[in-house]
Amino acid sequence: MPNAGNRQQPWSFWMNIGILGVGHIGKTLSRKLSAAGHDVKVANSRGPETIDATVLFTGARPVPASEAVDGVDVVIISIPLDRVPGIAPMLAGVPAKTVVIDASNYIPGRDSEIAAIEAGQVESLWVAEQLGRSIVKAWNSIGSDSFALKGTPPGTRGRIALPVAADDDSERAVGMALVEDTGFDGFDAGPLAQSWRQQPGAPGYCTDLTREEMPTALAGAEAARLPKRRDLSGAAIAERYGERTNPDTEYLVRLSRALFM
């Protein structure tokens with residue numbers, strides 16, 4: 001992969017990756033990235049023996065959380081946002097050259113209230129602040145069903161694009177390359193301060209847009225309207241499916257397009 005941006009880090013194409021969290025998004029990350037040839041370690045908060053075999057069948061290895069972040073090129077966080085402060089001590093010893101990618105979203109009702117985000121702080125800036133390091137925001141903008149089922153090879157007509165935001169150009173390039181490896185077009189969404197444009201409630205969130213459609217969606221996001229739209233979507237999903245069940249991809253995309261675009 002070509003070098004880019006500030007750090008000029010000579011990233012190899014195949015990477016050692018640690019994934020924290022094996023929920024709906026984390027388990028698909030595990031499957032797709034290991035199937036793409038990366039060396040993947042996965043961890044959850046309950047221990048490696050509790051990780052289901054379906055998470056591992058393409059080659060990922062279950063490990064304790066501390067081992068998942070040890071000696072890797074990339075750490076991917078896919079956990080409820082309010083749990084991020086709890087992993088900060090573990091990530092404090094991770095070298096600065098390791099790219100940390102946040103795939104999480106703030107979901108009121110699931111997460112404990114985060115006052116700074118409620119007051120308007122960009123979610124990924126809050127995460128970077130908690131961890132005390134630069135991060136990449138990626139994979140947070142797609143529903144888990146679409147993520148599992150709708151990946152396609154590069155060049156496929158109608159391929160879904162996923163925005164990737166980061167302050168460091170080299171880190172953003174890594175994030176975009178890995179998004180490509182999971183079956184989607186990586187879309188350069190600029191610096192982390194603009195990543196609110198891919199948060200829940202925005203036109204580019206869970207609407208399964210193409211590379212050509214994504215610029216208009218990101219440009220059309222209205223920060224003040226995101227929380228209300230996010231909460232409307234959550235209420236509609238809970239009424240139809242219950243509090244803890246993810247909707248199927250077609251329903252979620254229809255709902256998100258109706259509410260967010």
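Biologist: Where is glycine 71 placed?
Modeller: Glycine 71 is in the loop between α2 (65-68) and β4. Helices (H or I, at least four residues) and strands (E, at least two) are DSSP runs numbered from the N terminus. Bear in mind that this is a predicted model: local features need pLDDT of at least 70, side-chain atom pairs count only at pLDDT 80 or more, and totals for chains, interfaces and linings use all residues. Residues are numbered from 1 along each chain as its sequence is written, and side-chain values use heavy atoms, with hydrogens and water left out.

Biologist: Does glycine 71 count as buried or exposed?
Modeller: Glycine 71 counts as exposed because its relative accessibility is 64%. The cut-offs are under 20% relative accessible area for buried and over 50% for exposed, with partly exposed in between (1.4 Å probe, protein chains only).

Biologist: In which sense do β1 and β2 pair?
Modeller: Parallel, over five bridges, with isoleucine 17 opposite valine 40 in β2. β1 is mostly covered, with four of its five residues buried. Elsewhere, β6 (residues 136-137) and β7 (residues 161-166) run antiparallel and are joined by two bridges; there, valine 136 sits opposite alanine 166 in β7.

Biologist: Which residues touch the most other members in the largest nonpolar core?
Modeller: Val75, Ile77, Leu81, Leu91 and Leu131, out of 33 residues. A core here is a set of buried Ala, Val, Leu, Ile, Met, Phe, Trp, Tyr and Cys residues joined through side-chain atoms within 4.5 Å. β4, α3 (84-91), α5 (123-131), β7 and α8 (214-219) each give two or more residues to this core.

Biologist: What is valine 75 in contact with?
Modeller: Skipping neighbours within four places in sequence, valine 75 contacts Gly18, Leu20, Val69, Leu91, Thr98, Val99, Val100 and Ile101. Contact means heavy atoms within 4.5 Å. Another core, of 31 residues, lies apart from the largest one, with Ile17, Ala138 and Phe147 among its members.

Biologist: Back to α5: which of its residues are buried?
Modeller: Glu123, Ser124, Trp126, Val127, Ala128 and Leu131. Their cover includes β4, α3, β5 (99-102), α4 (115-118) and β6. Glycine 132 follows α5 with a positive phi, near 70°.

Biologist: New topic, how many aromatic pairs does the structure hold?
Modeller: Three. Ring centres of Phe, Tyr and Trp (its six-membered ring) must lie within 6.5 Å; planes under 30 degrees apart are stacked, over 60 edge-to-face, the rest tilted. One of the pairs is tyrosine 205 with phenylalanine 260, tilted, at 6.2 Å centre to centre and 45° between the planes. Tyrosine 205 is in the loop between β8 and α8 and phenylalanine 260 in helix α10 (residues 249-260), so the pair ties together parts 55 residues apart in sequence. Both tyrosine 205 and phenylalanine 260 are buried.

Biologist: Why does threonine 249 count as buried?
Modeller: Because its relative accessibility is 9%. Threonine 249 belongs to helix α10, and beyond neighbours within four places in sequence it contacts Asp145, Ser146, Lys150 and Asp208.

Note on methods: Pairing = 2+ DSSP bridges.
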